[in-house]
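Subject: Structure for you to look at

Hello,

I am passing on the structure we spoke about. Please open it first and then read the notes below it.

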Amino acid sequence: MPYTIEKVKELVREYPGFPSEGILFRDIFPIFHHPEAVECLINHFVELIKALNKQVDVIVGLDARGFLFGPLIAIKLGVSFVPVRKRGKLPGQLVSVTYMKEYGPDVFEMQADGIKAGQNVVIVDDLLATGGSCKAAEDLVAQMKGNVILNTFVISLVGLEGDKKLKAPVYALIKC
Ligand code: PRP
Ligand code: ADE
C-alpha cells in the first residue's frame, strides 16, 4: 500500500510509563514494519533537504535511532553518512564532547576524518527532547569546522524547548 506522510505519522506508537514513570515514550519502530512507509518518510526528508537549495556534503546521524534514517537519506542524496556514537564504540582518531543526559553526563564521539572544514552538514535523529544530544552533535561538527545547516527529526517534544539549545534551524515532522 502506498503511504502518505500523514499515514506514516499515524504509525508512531505511544507508551505511557516507559522506560520510567512520567515518560510518554514515542516509538518510531512500527514505521519500519512497512517498507512503503519508510520509503515515504525518507523521500519526505530528501525533498525537504533538496528544497534548501544548498550544497549538502554530509548527513550526520545520532546513535542509535538516527542510524535508521541517516544512511537511507544520504544514499538518496548521494552524499556521505557519518555516525555520532556513544563513548568507546569508534576506533581511530576521534573528536569528543561531554553532554548531559537525564541521569548525568555522557560522551559522544565522531571519527576525525568524517567531516572536512567548510562542509555543509544535516543532522538526523528520531526525536528531539531536551536537545542535549543534538547540541553535542552540533559541537562535534563545529570542532571539525563543518557547518550544520539543518537539524531534522521525526518527532519534536516541543514543551521541552530543545530547539532553543541548537544553533541551526530545526525541522520536525511531528510536533507534540
Ligand atoms: C534518544 C533519542 C535522541 C535523544 C533525544 O536517544 O533517540 O537521540 O534521546 O534526547 P535529548 O534531546 O534530550 O538529548 P537515546 O540517548 O535514548 O539513545 P538510543 O537512540 O540509543 O535509544
Ligand atoms: N528519548 C527521549 N525522550 C523520548 C521519548 N519521550 N520517546 C522516545 N524517545 C525518547
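By class, 17 nonpolar, six polar and eight charged residues make up the lining of the largest pocket. Please keep in mind that this is a predicted model.

The largest pocket holds about 960 Å³ of space. Its lining counts 31 residues, and those closest to the centre are Arg-65, Lys-101, Glu-102, Leu-127 and Ala-129. Strand E2 (24–27), strand E5 (94–101), E7 and H4 each give two or more residues to this lining. The largest share comes from E7, with four residues.

What takes up this space? Ligand 1 does: the space it takes is the largest pocket. In total 13 residues surround ligand 1, and the closest are Lys-101, Asp-125, Asp-126, Thr-130 and Ser-133. Sorted by class, this shell has six charged, four polar and three nonpolar residues.

Several polar contacts to oxygen atoms of ligand 1 can be listed:

- A polar backbone atom of Gly-131 is 2.8 Å from an oxygen atom of ligand 1.
- For Arg-65, a polar side-chain atom lies 2.9 Å from an oxygen atom of the ligand.
- For Ala-64, a polar backbone atom is 3.1 Å from an oxygen atom of the ligand.

On its own, ligand 1 exposes 500 Å², of which the protein buries 79%.

Ligand 2 also sits in the largest pocket. Around ligand 2 are Leu-24, Phe-25, Arg-26, Arg-65, Leu-127, Ala-129 and Leu-157. E2 supplies the largest share of this shell, three residues. By class, the shell around ligand 2 has five nonpolar and two charged residues, and no polar ones.

Which parts of the protein come within reach of a nitrogen atom of ligand 2? A backbone N or O atom of Leu-24 lies 2.9 Å from a nitrogen atom of the ligand, and a polar backbone atom of Arg-26 is 2.9 Å from a nitrogen atom of the ligand. In Arg-65, an N or O atom of the side chain is 3.2 Å from a nitrogen atom of ligand 2.

One residue to look at is Arg-65, with a polar side-chain atom 2.9 Å from an oxygen atom of ligand 1 and a side-chain N or O atom 3.2 Å from a nitrogen atom of ligand 2.

Regards

Technical notes
Residues are numbered from 1 along each chain as its sequence is written. Chains are lettered from A and ligands numbered from 1 in the order in which they are written. This is a predicted model: local features need pLDDT of at least 70, side-chain atom pairs count only at pLDDT 80 or more; totals for chains, interfaces and linings use all residues. Side-chain values use heavy atoms; hydrogens and water are left out. A residue is near a molecule or strand if one of its heavy atoms lies within 4 Å of it. A polar contact is a pair of N or O atoms within 3.5 Å; within protein, one must be able to donate a hydrogen and the other to accept it, and residues adjacent in sequence count only if both atoms are side-chain atoms. Accessible areas come from the Shrake-Rupley method with a 1.4 Å probe; for residues, only the protein chains shown count as cover. On a 1 Å grid over the protein atoms alone, a cavity is a set of points where a 1.4 Å probe fits but cannot get out, and a pocket is an open set with protein on both sides within 12 Å along at least five of seven lines; lining residues have an atom within 4 Å of a point. A molecule sits in a cavity or pocket if more than half of its atoms lie within 2 Å of its grid points. Ala, Val, Leu, Ile, Met, Phe, Trp, Tyr, Cys and Pro count as nonpolar, Asp, Glu, Lys and Arg as charged, and the others, Gly among them, as polar. Grid points are joined across faces, edges and corners, and a volume is the space filled by probe spheres set on the points.
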